[in-house]
Amino acid sequence: MADVGVLIVGAGGGGSACAESLREHGYSGPVVLAGRDVDPPYERPFCSKDYLRARMSREETYLGVPDSVDLRIRTSVMKLDPEAKSAKLSSGDELTFEHAVLATGANVKRVRVGGSDLDGIHYLRTLGNSDAIRADAADAERVVLIGGSYIACEVAASLTSEGKHCTLVMLEDGPLSLHFGATAGGFFAGVLRDHGIDWVPNDALGRFEGEGRVRTVVTEGGRELPADLVVVGIGVSPDVMLARSAGLELADAGGIVCSQALETSAPGVYAAGDACDYDSVVHGRRLRVEHWEHARAQGAHIGAQIAGEQTPFAEIPYFWSDLADWATLESVGPPERWDREVVRGSLDDGEFTIYYLDGGRMAGAITVGRSDDLERARELMVAGEPVDESAI
Ligand SMILES: Cc1cc2nc3c(=O)[nH]c(=O)nc-3n(C[C@H](O)[C@H](O)[C@H](O)COP(=O)(O)OP(=O)(O)OC[C@H]3O[C@@H](n4cnc5c(N)ncnc54)[C@H](O)[C@@H]3O)c2cc1C
C-alpha cells in the first residue's frame with residue numbers, strides 16, 4: 001500500500017484548492033501538500049495589490065488548509081517517478097503515492113541586459129518579493145516598471161497610490177492593450193494617465209545604469225529614465241522542471257500536456273494551474289492560462305475526480321485585475337483572437353463590456369462594472385454558435 005493517497009506538489013493556488021476539494025468531496029485517504037514557499041498557501045494576487053500597499057497583513061493573505069492535510073512548507077519535491085509512483089522530498093523523506101498532482105506554477109522571466117544585477121531591480125511572484133519592493137520603495141521617488149501587462153500596471157497603480165512617480169516601459173502601444181486590444185487599452189491608459197502614471201510605448205529595455213544601485217533605465221530607443229527602483233513584469237514561464245525530469249510529456253508552449261480530465265501523460269498524475277497545458281472541451285484546443293481562479297478551479301476539479309467524479313474540465317477561464325482603487329477589470333475567454341469588438345455600456349462613464357467576436361462567434365469579453373455580462377459571454381462561448389449581436 002502507498003504511503004499517501006495523494007501527493008500534491010506546489011502549495012499555491014491550484015495545489016491548495018485541490019487539497020480542499022479532496023476533503024470536500026469526501027476523500028479520506030492521506031494527503032500530503034508539499035510547497036517550497038516559506039509561507040503556507042496564500043492568495044498570490046494580493047502581492048501586487050493590497051499587500052503591496054500595506055493594506056493587509058501577511059496572515060490575511062493566507063488561504064487555510066484542512067487540518068487533516070499534511071502540509072509541508074519549505075519542502076521541494078526533488079524527484080518524481082510516475083511508474084514507481086514514488087517521490088523524493090528535500091527533507092530527505094521518500095514516499096509512495098496513489099495519485100500525484102503537479103501544481104508547480106510558473107517562474108518569472110528575467111531580463112538579461114547590462115546592469116541587470118544592480119541593486120533596486122525587482123521581480124514579483126511571492127509575498128517575499130512584495131515585502132522587498134515595499135521596503136525598497138520607502139525611500140524611492142521614481143519607479144520604472146518594465147512591461148505593459150497586468151503585473152506592471154497593477155504595481156504602478158499600487159505604488160502611485162502610495163505617492164510614488166511611476167513610468168512604464170513597454171513593447172506595445174499602451175498599457176493592457178496586448179491582451180485586450182486598443183479599445184480596452186485606451187480606457188485603461190486613460191485611468192493610469194489620470195492618476196499621473198507615464199509610459200514609454202513601442203520601446204524595449206536597453207540597459208540599466210548605476211553604481212551598485214540602479215539610477216537610470218535606458219531604452220533601446222534612447223530614452224533615459226531616472227529610477228530609484230525598478231520592477232520587471234514581463235511574463236512567466238511554466239515551472240516544468242519536475243515534470244521534465246519525471247519524463248512527462250510537455251507542450252511546445254512549455255506546459256505539462258494534460259487530457260480533458262487534466263491527467264498528464266502518466267496515469268494517476270495530474271496537473272493544474274499555470275503549468276498545465278490542457279485539452280479544453282470548451283475551446284476545442286490546447287490551452288494554458290495564468291489566472292488565479294482558473295488554477296483554483298483546476299485544482300478543485302482534480303480533487304473531485306480523485307474522490308470519484310468523472311467529468312471533463314469545462315470551466316471558462318476567468319481573470320480579474322485591480323488598478324489600485326481606481327478600476328477593476330474582469331474578463332472571460334481568454335480573448336486570444338478576434339475580428340470584431342461589440343461595446344455595451346459606456347467607456348466614457350467607466351462602465352462597459354467589450355465582447356470579442358471571432359468569425360461571428362464569442363471569443364471572450366472584458367468588463368468594468370458590468371460583471372453580469374460575463375455570464376452571457378460564457379453561455380455564448382459554450383454554445384459556440386454565431387452570435388446575434390442584438391441579443392448581447
Ligand atoms: C503579483 C501577482 C499578481 C497576480 N494577480 C492576479 C490577478 O489579479 N488575477 C488573476 O487571475 N491572476 C493573478 N495572478 C496569477 C495567479 O496568481 C496565478 O495564475 C496562480 O497563482 C497560479 O496558481 P498555480 O497553483 O498554478 O501556481 P502558484 O500559485 O504559483 O503555486 C505554485 C507553487 O508551487 C511551488 N513549487 C514549484 N515547484 C515545486 C516543487 N518541485 N516542490 C514543491 N513546491 C514547488 C512554488 O514554489 C509555488 O509556491 C497574479 C500573479 C502574481 C505573481
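Okay, before the pictures, one term: a polar contact here is a pair of N or O atoms within 3.5 Å; within protein, one must be able to donate a hydrogen and the other to accept it, and residues adjacent in sequence count only if both atoms are side-chain atoms. Also, this is a predicted model, where local features need pLDDT of at least 70, side-chain atom pairs count only at pLDDT 80 or more, and totals for chains, interfaces and linings use all residues. Residues are numbered from 1 along each chain as its sequence is written, and side-chain values use heavy atoms, with hydrogens and water left out.

A backbone N or O atom of histidine 291 sits 3.3 Å from a ligand oxygen. How much of the ligand's accessible area does the protein cover? It's 97% of the 990 Å² that the ligand has on its own, using the Shrake-Rupley method with a 1.4 Å probe.

Around the ligand we have 35 residues, each with a heavy atom within 4 Å of it. The closest are Gly14, Lys49, Arg125, Asp274 and Trp320. By class, that shell has 14 nonpolar, twelve polar and nine charged residues. Which helix gives the most to the shell? Helix 3, with three residues. By the way, helices (H or I, at least four residues) and strands (E, at least two) are DSSP runs, numbered from the N terminus.

Two strands pair if DSSP finds at least two bridges between them. Strand 10 is joined to strand 11 by three bridges, and valine 169 stands opposite valine 200 in strand 11.

The peptide bond from glycine 333 to proline 334 is cis, omega near -5°, and proline 334 is in the loop between strands 22 and 23. Lysine 85 isn't a glycine, yet has a positive phi of about 50°; look for it in the loop between strands 4 and 5.

Technical notes: Ala, Val, Leu, Ile, Met, Phe, Trp, Tyr, Cys and Pro count as nonpolar, Asp, Glu, Lys and Arg as charged, and the others, Gly among them, as polar.
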